[in-house]
Amino acid sequence: MSELQMIKKKDKLLAIIIKNNYNCEGVSFLTSNEYSQQLAYMHHPKGKMIDAHIHNMIHRNVVLTQEVLFIKRGKLRVDFYDDYKDYLESCILEAGDTILLTSGGHGFKVLEEVEMIEVKQGPYSGDKDKIRFESISDGEVIFRKEE
């Protein structure tokens, strides 16, 4: 599998996956400026100074929750759906992998006991925050093809 994967339906980006073995020098922003959740990969040499800074208070209008998952340990299957709840494909995330879920729907199956960290916009609105629907069965899984 590619070290950096873009999950799409036609031209609509559903997710960005950064596999544990991805590597590039410096700072690489992987998201467009329109996204309310920004994702960058950073690789700096020892001794590099990153300027101390404070973030300015800027009003942002967030209308769609985007979330980032960091897989600390274990194995997780991610099932991708479009905005109409139609299943598209699945992929496996393992320790060290990161995913930004940008649009569409998604579901998960824990394949090995997993520890992960989730980051998304808040505050969380409970049942108002999402629409739940029936997941696919194990027999319906289509694994992501090599790029």
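Visitor: What makes E94 and K75 a salt bridge?

Guide: In this predicted model, the closest N and O atoms of E94 and K75 are 3.6 Å apart. The cut-off for a Lys or Arg side-chain nitrogen and an Asp or Glu carboxyl oxygen is within 4 Å, so the pair counts. E94 sits in strand β6 (residues 87-94) and K75 in strand β5, so this contact ties together parts that are 19 residues apart in sequence.

Visitor: Why are E94 and K75 called partly exposed?

Guide: Buried means under 20% relative accessible area and exposed means over 50%, so what falls in between is partly exposed. E94 comes in at 37% and K75 at 23%, so both land in that middle range.

Visitor: What about E118 and K120?

Guide: Their side chains meet at 3.6 Å, N to O, so they pass the 4 Å cut-off too. E118 has 42% relative accessibility and K120 has 24%, which makes each partly exposed. By this rule the count comes to twelve salt bridges.

Visitor: Is E67 buried or exposed?

Guide: Buried: its relative accessible area is 10%, and the cut-off is under 20%, so E67 qualifies. E67 lies in strand β5.

Visitor: What makes V27, F29 and M42 a nonpolar patch?

Guide: Val, Phe and Met are on the list of nonpolar side chains, and a patch needs over 30% relative accessible area, no salt bridge, and side chains joined within 5 Å. V27, F29 and M42 form such a patch, with about 320 Å² of accessible area together. M42 is found in strand β4 (residues 40-43).

Visitor: Which strand gives the most to the lining of the largest pocket?

Guide: That's β8, with seven residues. The pocket itself has about 820 Å³ of space, and of its 25 lining residues, the closest to the centre are G104, G105, H106, K130 and I131.

Conventions:
Residues numbered from 1 in each chain as written. Predicted model: local features only at pLDDT ≥ 70, side-chain atom pairs only at ≥ 80, totals over all residues. Heavy atoms only, no water. 1 Å grid on protein atoms, 1.4 Å probe; cavity = no way out; pocket = protein on both sides within 12 Å on 5 of 7 lines; lining within 4 Å. Points joined across faces, edges and corners; volume = space filled by probe spheres on them. Helix = DSSP H or I, 4+ residues; strand = E, 2+ residues; numbered from the N terminus. Patch = residues over 30% accessible without salt bridge, like charges linked within 9 Å, V, L, I, M, F, W, Y side chains within 5 Å. Areas by Shrake-Rupley, 256 points an atom, 1.4 Å probe, with all protein chains shown as cover. Buried < 20%, exposed > 50% of the residue type's maximum accessible area, 1.4 Å probe, protein only.
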